[in-house]
Structures are given as C-alpha cells and as structure tokens.
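Student: I have just opened this structure and would like to get to know it. Could you walk me through it?

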Amino acid sequence: METMINSLDTVWVLIAAMLVFFMQPGFAIVEAGFTRSKNSANILMKNFVDFMAGSILFWAIGFGLMHGSGNGFIGEIHLFDFSFFGDSNIPVECSFIFQTVFCATAATIVSGAMAERTKFSMYVIFSILVSTIIYPIEGHWAWGGGWLSEMGFHDFAGSTVVHTCGGVIGLAGAIILGPRLGKYSKSGQSNAIPGHNLTFGALGVFILWFGWFGFNPGSQLAASGADNARAISHVMVTTNMAAATGGMTALVITWLLYKKASLSLVCNGILAGLVGITAGCDVVSVGGAAIIGVLCSAAMIGSVSLLDKVLHIDDPVGAVSVHGVCGMLGTILTGVFATEGGLLYGGGWSFLGVETLGCLVVAAWSFVTGYALFYVLDKWKGIRVEPRIEEEGLDIYEHGETAYNS
Amino acid sequence: MKKIEAIIRRTKFDEVKDALFEADINWFSYSEVKAIGQDRQDRIYRGVMYSTDIISRIEITIICRDQFVQPAVDAILKAAHTGEVGDGRIFVSTVDDTWSIRTGEHGDSVIADIK
C-alpha cells in the first residue's frame with residue numbers, strides 16, 4: 001500500500017500537527033496569565049508534563065487502546081508500537097503524531113481548572129492516567145471504531161472527544177480540591193482573584209485561535225484533490241467564524257451586564273466558540289457556525305456564573321465552562337445545524353439524538369473516572385497542597401524557583 | 001534641615017519633577033506607594049464584580065535646607081494640583097542630622113540642593 005501515500009496530504013497533516021502542538025504554549029500562557037504570578041512556574045511545568053508524559057505514554061499504550069481494533073469499548077494494547085495502524089493516504093507515523101498532539105491537548109485542559117492548589121506530584125500521576133486510560137478509551141468509542149462511531153456519532157475534531165473530556169475531568173478535580181483560599185468569603189460571597197497578566201491571557205487566546213486552524217482543518221487528514229481542498233477551506237472558515245461570533249457575543253453580553261467590555265470574558269468567549277464549532281465544523285454552514293459560536297459563548301458566560309456564584313466550584317481559568325460545557329453544546333448543536341441530517345435541515349431527531357447521547361456518555365465517563373481517580377489519590381496522599389504553600393505560592397515550595405525574579 | 005514628603009498622583013510626576021528642578025531642588029528620591037482610602041474603583045474579572053480601594057500614588061521625599069522648603073512646597077502645590085479629590089498631601093518635618101557615607105561629613109553641607 002506504500003504507493004497510496006499522498007505527499008500533499010502528509011505535508012498538510014504534519015503542518016496541522018505542528019499547529020495543534022502550538023496550542024500547548026497557548027494553553028500554558030493562557031493559564032499562567034489567568035492565575036497569580038506566585039504559581040506561574042507550576043502552571044508552565046504542568047503544561048510541559050502534560051505534553052511530555054502524553055507523548056511517551058500515548059506511544060506506549062494509548063494509541064493502541066484508542067485505535068487498535070479490540071472491541072466496541074476498548075482497543076488493544078500494542079506496547080510501544082503503532083505499526084498496526086498501517087499507512088493510509090498518510091504514513092502511519094503521520095497519523096500517530098497527529099493523534100499524539102490531540103491526546104496531549106485533552107490532558108492539558110485539566111490543569112487550568114485545578115490551578116493554584118494541586119500537588120505537583122499528584123498532578124503528574126493524574127496526567128499519566130488521562131493519557132493512558134481516560135482519553136484513549138472514550139477516544140476509541142468515537143474515533144477508533146468503537147460503539148459510538150458505529151452509531152454514526154460525528155465529532156469531527158474533538159468537541160466531545162478532546163474538549164468535553166478534558167473540561168469534565170477538570171470539573172471533577174475542582175470539586176474534590178475545593179475552592180482556592182480566599183475565593184469565597186465566610187458569607188459565601190464570591191471574590192475575584194484576578195490573573196496576574198491579561199496580556200499573557202490574550203496572547204494565549206490568539207495562539208489557541210491560530211492553533212485551531214490546524215486542529216479543525218487538519219482533522220480532514222487530507223488536502224489533495226478538489227473535494228479535500230474545499231473541505232479544509234470550509235472548515236477553516238467555519239472555525240474562524242465561530243471564534244469571531246463567540247468573542248463578539250461575550251463582548252456584547254458583558255457590556256450589557258456589567259457596563260464594561262470585559263477582556264477576560266471575551267478571551268473565554270473566543271475559546272467557547274472554537275470549542276463549540278470543533279465537532280461540526282465540516283458539516284455545518286458558515287451561518288450555522290456563526291450561530292454555534294453565539295450560543296456557546298452565551299452558555300459559557302452562564303456556566304461561569306453558575307459555577308462561580310451558585311455552585312461555588314472554583315475554576316480559575318474557566319476550563320470547565322469553556323471546554324466541558326461548550327464541547328457538549330457544540331456536539332449537540334452539530335445535530336441541529338448539520339446540513340445533512342441536522343434537525344433544522346429536515347434530518348429529524350435521530351442524528352441529534354446520537355450526538356446528544358455521545359457527548360453525555362463521554363462526559364459521564366470522563367467525570368466518573370476522573371472523580372474516582374482523584375478521590376483515590378486524595379484519600380491516599382491528598383491532592384491539595386498545605387495552606388501555607390498555597391498562600392506563598394506553589395512555585396517556591398513545589399519547584400524551588402519562581403517565574404519572575406528581579 | 002527639613003524633610004518634605006509629598007504624595008502625588010502618578011500622572012503628575014513629570015510636572016512635579018520639572019517644577020522642583022525649577023525650584024532648585026535637583027536631587028530627591030521617589031517611590032511608588034499604595035494607599036487605602038475612601039475612593040473605590042469598580043472592577044470586573046471573569047464575570048465577578050468587585051471594587052478595589054487600593055490607590056496608586058507616587059511619594060516624593062526631599063531633604064533640603066530650610067530656605068528651600070517654601071519654594072519646593074509651592075512648586076509641588078502648583079504642579080500636582082488638579083482640583084479633584086485625591087490630589088495628595090505634603091508633609092514637612094525637621095531632620096536632625098545627615099551624613100555623607102562617602103566622605104563621612106555631616107550637617108547641612110552634605111545636602112546637594114544648590115546648583
């Protein structure tokens with residue numbers, strides 16, 4: 001089958017993989033900017049660990065569990081071997097590296113929700129488990145020939161598989177950790193803990209936006225021929241449109257609600273649109289993408305308020321709302337706006353039902369496994385740092401070096 | 001020998017600096033200070049409204065001979081004035097003695113306030 005390999009497709013997927021890799025610094029700098037400077041080295045280190053551990057472990061067993069034939073629930077263990085996957089229009093190693101960067105993205109989302117109070121050692125263990133168990137198994141359901149893909153579940157680039165998974169695990173972690181010291185006053189009032197550098201936050205969002213141009217259009221896994229060329233171009237446009245309407249929606253809503261155009265929520269709004277469009281970027285129209293961006297951004301703002309002010313779950317960077325909530329909503333909205341099979345285009349309820357089922361099941365899987373693993377780790381050694389360490393910053397006590405030195 | 005401490009708006013620092021040079025004060029130290037007062041500024045961060053009572057100002061410290069005090073104070077009063085609440089304060093106090101670390105001299109002669 002060697003002759004089937006298409007150079008143009010390969011180059012395109014490799015470039016896309018590089019762009020998705022570049023989302024790692026995007027996440028790192030968003031999370032660092034939205035948290036306090038005393039924890040910056042810790043946040044940066046966690047993002048490195050996610051990618052390093054993810055790269056090694058996805059090679060070791062994750063790729064096999066996700067894409068091995070196995071059964072409908074789980075793939076097979078192919079220790080340090082990805083050759084089973086075989087060449088398609090792109091070489092096997094091209095497929096492998098593209099899947100690796102996706103896996104690392106799922107793991108890295110979690111760190112934001114758990115920022116500023118998690119023991120580094122426990123986080124490392126957890127990151128390993130995300131890359132070897134939680135992500136590959138649900139990834140197998142949707143993308144590896146598992147039971148969800150058999151049902152016709154469509155998640156083009158990972159609203160559910162990557163973002164809902166990461167966001168919901170973050171929710172489980174944030175619940176078990178509890179809020180940061182000083183986040184809630186004794187009367188239960190929510191206090192703002194402003195991030196130390198919104199310039200970093202905004203730069204990180206721009207980088208993520210840029211990286212998404214690999215995340216979504218790259219998931220076509222091909223570029224040659226008129227059909228693929230049209231498809232990746234269409235996906236690029238829908239991706240960008242949802243980001244733009246997502247950001248604009250946050251701008252308008254915060255301006256109306258708070259009388260101020262709030263940069264911090266516009267940053268989240270752009271990401272909400274991007275996460276939301278990821279599932280259906282290839283099957284919705286540009287108008288549909290615009291509406292998905294609006295709805296996801298509005299849902300994100302509602303979810304941020306709900307978590308923060310009502311449920312008192314402390315998510316420093318908004319990972320649960322942006323990735324968890326918008327990932328699910330975007331997947332469901334794919335069932336509504338898909339031009340073929342979508343509810344609004346006369347496709348009836350069946351596709352919408354499958355989309356809804358898929359994202360709910362993946363969310364439930366991620367939450368239950370994430371919660372269970374955090375619970376066990378917490379009972380075993382405790383996953384939260386001592387109050388004194390939290391007050392003075394994780395950088396000094398966990399890493400012995402600070403991000404900013406005069 | 002007197003010490004003048006003036007808390008002024010950050011935005012007025014350059015004007016005050018120039019005015020002090022004109023009043024023959026050619027050496028002073030300053031620092032950024034944070035103050036707590038009645039003034040509240042509304043802020044919003046990721047959907048949470050809060051107000052901060054932290055006020056940022058610049059504090060200028062001048063050590064000078066007695067005859068320079070009034071010109072310096074007048075210069076600050078004029079240059080740092082906007083008429084809005086929060087223009088700041090000036091404090092004048094007596095300094096008993098001063099030493100030059102390099103030469104070991106002390107007294108009025110070590111103050112470099114004469115052009």
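Student: What radius of gyration does chain B have, against that of a compact globule of 115 residues?

Tutor: This is a predicted model, in which local features need pLDDT of at least 70 and side-chain atom pairs count only at pLDDT 80 or more, while totals for chains, interfaces and linings use all residues. Residues are numbered from 1 along each chain as its sequence is written, and chains are lettered from A and ligands numbered from 1 in the order in which they are written. The radius of gyration is taken over C-alpha atoms, and the globule rule is 2.2 Å times the number of residues to the power 0.38. A compact globule of 115 residues would come out near 13 Å, but the value for chain B is 17 Å.

Student: How many helices and strands does chain B have, and in what order do the elements run?

Tutor: Helices (H or I, at least four residues) and strands (E, at least two) are DSSP runs, numbered from the N terminus. Chain B holds two helices and four strands. Starting at the N terminus, the order is β-α-β-β-α-β.

Student: What percentage of chain B is buried?

Tutor: A residue is buried if 20 or more other C-beta atoms lie within 10 Å of its own, exposed if 12 or fewer, and partly exposed in between, with C-beta atoms placed from the backbone. Among the 115 residues of chain B, the buried share is 20%.

Student: How many helices are there in chain A, and why is chain A described as compact?

Tutor: Chain A has zero strands, and its helices number 14. The globule rule gives 22 Å for 406 residues, and the radius of gyration of chain A is close to that, so chain A is as compact as a globular protein of that length. Its C-alpha atoms fill a box of roughly 60 × 50 × 40 Å along the principal axes. The radius of gyration of chain A is 20 Å.

Student: What share of chain A is buried, and what share of its contacts with a separation of 6 or more joins residues 24 or more positions apart?

Tutor: Two residues are in contact if their C-beta atoms, placed from the backbone, lie within 7 Å. Of the 406 residues in chain A, 59% are buried. For contacts in chain A with a separation of 6 or more, the share from residues 24 or more positions apart is 77%.

Student: Which residues touch the most other members of the largest nonpolar core?

Tutor: A nonpolar core is a set of buried Ala, Val, Leu, Ile, Met, Phe, Trp, Tyr and Cys residues joined through C-beta atoms within 7 Å. The largest one has 126 residues. Leaving aside neighbours within four places in sequence, one of its members, Leu274(A), is in contact with residues including Trp209(A), Trp212(A) and Gly246(A). The two that touch the most other members are Leu208(A) and Leu274(A).

Student: How do helix 9 and helix 11 of chain A cross, left-handed or right-handed?

Tutor: Axes are lines fitted to C-alpha atoms, for helices over the stretch in contact, with angles from 0 to 180 degrees between N-to-C directions; here the axes of helix 9 (residues 263–277) and helix 11 (residues 319–337) of chain A come within 7 Å and cross at roughly 40 degrees. That makes helix 9 of chain A oblique to helix 11 of chain A, since angles under 35 degrees count as roughly parallel, over 145 as roughly antiparallel, 65 to 115 as roughly perpendicular and the rest as oblique. A crossing is left-handed if the near helix is turned anticlockwise from the far one by less than a right angle, and right-handed if clockwise. For helix 9 and helix 11 of chain A, the crossing is right-handed.

Student: At what angle do the axes of helix 2 and helix 3 of chain A cross?

Tutor: Residues of helix 2 of chain A, among them Phe51(A) and Phe58(A), meet residues of helix 3 of chain A that include Cys103(A) and Ala107(A). The crossing is right-handed. The axes of helix 2 (residues 40–67) and helix 3 (residues 92–113) of chain A come within 8 Å, at an angle of roughly 135 degrees.

Student: Which strand gives the largest share of the side of chain B that touches chain A?

Tutor: The contact takes 14 residues from chain A and seven residues from chain B. On the chain B side, strand 2 (29–45) and strand 3 (48–64) are the elements that give two or more residues. The largest share, three residues, comes from strand 3 of chain B.

Student: Is Val376(A) buried or exposed?

Tutor: Val376(A) sits in helix 12 (residues 349–380) of chain A. Because 11 other C-beta atoms lie within 10 Å, Val376(A) is exposed.
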